[in-house]
Amino acid sequence: MSALIQPDQMPGKATAAAASGSRLAVRRFLRNRLAVVGLGVVVFFFLFCFIGPLVYSTDQTHTMLEQVNLAPSGSHWLGTDAVGHDELGRLMYGGKVSLIVGLAAGILATVIGTLWGAAAGYAGGWIDAVMMRIVDAGIAIPALFILLVVSAITTPGLTGLIVILGVVSWLMPSRLIRAETLTLKNRDYVLTLRAIGGTHARAIARHILPNSVSTIIVAATFQIADAILLVAYVSYLGLGVQPPATDWGGMLSAGLTAAYSGYWWLILPPGLAIILVVWAFNAIGDGLRDAFDVRGRG
Amino acid sequence: MTTSTYLLRRALQAVAVIVIVTIVVFCLLHALPGGPARGILGPQATAQQIASFNHEQGLDKPLPVQYLYYLNRLLHGDLGTSYTLNEPVSQLITERLPKTLVLTALSAVVGLLLAVPLGMWQAVRRNRPVDYVITTLSFIAYSTPVYFLGLILVLVFSQVLPWFPSQAPQGDTLAQVFADPQALVLPVVAGAASMIAVFSRYMRAATLENLSEDYVRTARAGGSRSRAILWRHVFRNSLTPVIAMLGYYVPVLFGGALVVEQLFNYPGMGLLFWTAAQSSDYPVLLGCVLVIAIATVAGTLLADIVQRLVDPRVKAGRA
């Protein structure tokens, strides 16, 4: 899965050029109401997951058989799960994993994709051709299939999970950054740098990447949204973090059978949390793209 | 570049991509504990059996030589043997692939039929309430894990309201699948949801772009009615890139089918892949990956060709 919801990936459509006035971009972003709501949702969930447990302390490690599958009540606002964990506390506890893994994997994917795409676009010729065919080959195998194959071979830890998710999802950003690099590499300032003896690495580091920063930030935002969504699939595919640790996807998979018994509080909260956070990052990405977009500025 | 050189170049690129995929799959096969011998002989094989098998099959030869053997077997349609079902992988896939194709095609058609008008409606009513509502719903649909959506669909439309069965049609033949259209409704809806979200966004973007083109202003100045312009010019010009996107969307459709088939117990390739993963049936897993990759590459190639042939601007190198 990738940031396919981004209409900028339409074939034959140029990506936005770098923004010049960052203050103007901020003002344009704040005018986009959906994006601002998205930002609020993200801030809320970070506070909820990282500060929340300090205020609302629950036991998420021990099995408590005397309070299994309790419906929501005054003492357990969202009820309890199949081993007696408080569901509201678990939502905070699991959210930490979902947010950290999603954020880290999304950023890792963007970094790999940026370096790959910039190198391919800048090099051009057969190097570019080979590098982009490798990207095509990666896109040809859907991430869910690769993750399921990996789950048949091994069960990774938290860092391993981040690396695996990053490695399966860097392909789309690499295409975007390559397209950006192609338009930038023949600009006068790059040619001048080369003429006075600057190295290729310097041209990429000092000119290509800084000028692609808006594209990179927008790509990263969509990438994080997709990574959080992918994390939700991870437990379902058998790659999830090991109990008693969990994440929103793990809570959802664990609640799948429970839902048929009418324990709705085990699936709706994690499901809605995933939808809200992924939606929020997509809305932010949308707002950022419009804010940075030069064409729409007139 | 003339059209024929372009087509030739694209075809060569597609072949290169497939070669890279086979290298990846070959490497995966060799990265498995015990190597391909373990994959073919099964987890119970002794070290001696593996050694003699390796010698017989040329697996003690250098890796590049082995890769050529592997390619040769692939070209003859030999994908190895499943060691849980004890059937050739190619046969397993030929039995199940048509069912997956039917399910994904149905989802794609339903998705497009809804997404295209929705996207155009949004573009025409840009920044009005309708646009915001559909945008928000699209993002929600896109943000929902397919298995969560499927679960909600089953709970609401199968448990609470007993309208549709919670299982997809069973049976080995396509006729049996079509014999029970009611049972197809929930799987198709679950598969189409994110598609509607993504393609209504594309259609909205494409329509907006076309509405701002000079020819629209010219037509309007010439006295054409807005509705006529929209349907006669903008619709066609916007639809082409969106249809082409369908080719690039093939991997996502297959990814969705993987989950939908597992969730609704639909006996297609996704479910075959899923059960193979549970039993570490590597020949089946890698065979499916190869088939899906080839389907995706073919889809992308087709999309590029369609765009090239249908959209005159691509030919002129403008778009």
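A crossing is called left-handed if the near helix is turned anticlockwise from the far one by less than a right angle, and right-handed if it is turned clockwise. The model used here is a predicted one.

**Exercise 1.** Determine how α11(B) is oriented relative to α14(B), and in which hand the one passes the other.

*Solution.* Begin with the geometry: helix α11 (residues 226-248) of chain B packs against helix α14 (residues 282-310) of chain B at an angle of about 165 degrees, and their axes are 7 Å apart. Because angles over 145 degrees count as roughly antiparallel, α11(B) is roughly antiparallel to α14(B). As for the hand, the crossing in which α11(B) passes α14(B) is left-handed.

**Exercise 2.** Find which residues make the contact of α11(B) with α14(B), and sort them by class.

*Solution.* On the side of α11(B), the contact is made by T240(B), P241(B), I243(B), A244(B), L246(B), G247(B) and Y248(B). From α14(B) come G299(B), T300(B), L302(B), A303(B), V306(B), Q307(B) and V310(B). Sorted by class, the residues of this contact are 9 nonpolar and 5 polar, with no charged residues.

**Exercise 3.** Describe the side of chain A that touches chain B.

*Solution.* Count the partners to start with: 37 residues of chain A are in contact with 42 residues of chain B. Then locate the elements of chain A, where α5 (125-140), α6 (143-153), α11 (213-236), α12 (248-260) and α13 (268-292) each supply at least two residues of that side. Finally, the classes on the side of chain A are 31 nonpolar, 4 polar and 2 charged residues.

Methods. Residues numbered from 1 in each chain as written. Chains lettered and ligands numbered in written order. Predicted model: local features only at pLDDT ≥ 70, side-chain atom pairs only at ≥ 80, totals over all residues. Axes fitted to C-alpha atoms, helices over the stretch in contact; angles between N-to-C directions. Helix = DSSP H or I, 4+ residues; strand = E, 2+ residues; numbered from the N terminus. Parallel < 35°, antiparallel > 145°, perpendicular 65-115°, else oblique. Contact = placed C-beta atoms within 7 Å. Nonpolar A, V, L, I, M, F, W, Y, C, P; charged D, E, K, R; others polar.
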